[in-house]
Amino acid sequence: MDKVIRATQFILEDENGNHRASLSLTTDGPLLNLSDENGTVRATLDVVGDGPTLALSDENGKVRVMLHVFKNGPVLVLFDETGKTIWSQP
């Protein structure tokens, strides 16, 4: 027997009621956020426009690594703690 749950958002909380993950459907597309024990979003995966994007953030919530997959190929970008691009490929 198949069981189906339909919703536009799911929120996962730890045993203390702290928000640790969410899966939602935005107007742009699906979005998955994963948070650390302090509630800071540390990983985001979304699929909008040309394709998926994975962003990994530091303990301050600053994006440090971003991977985009576009129709013409992938792009990997590294950022310093101020948000400045320090490396990008291609």
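Student: How do S1 and S2 pair, and over how many bridges?
Tutor: S1 and S2 are antiparallel partners joined over five bridges; two strands pair if DSSP finds at least two bridges between them. Strands are DSSP runs (E, at least two residues), numbered from the N terminus. The model is predicted, so local features need pLDDT of at least 70 and side-chain atom pairs count only at pLDDT 80 or more, while totals for chains, interfaces and linings use all residues. Residues are numbered from 1 along each chain as its sequence is written, and side-chain values use heavy atoms, with hydrogens and water left out.

Student: Which residue in S2 does Glu13 stand opposite?
Tutor: Glu13 stands opposite His19. In the hairpin of S1 and S2, five residues lie between the strands, and Gly17 takes a positive phi near 85°.

Student: What is the strand order in the whole sheet?
Tutor: Eight strands form an open sheet in the order S1-S2-S3-S4-S5-S6-S7-S8, with antiparallel pairing. Strand S1 (9-13) and S8 are the edge strands, each pairing on one side only.

Student: Changing topic, where is Asp80 found?
Tutor: Asp80 is in the loop between strand S7 (73-79) and strand S8 (85-89).

Student: Which residues is Asp80 in contact with, leaving aside its neighbours within four places in sequence?
Tutor: Arg64 and Ile86, where contact means heavy atoms within 4.5 Å.

Technical notes:
Helices (H or I, at least four residues) and strands (E, at least two) are DSSP runs, numbered from the N terminus.
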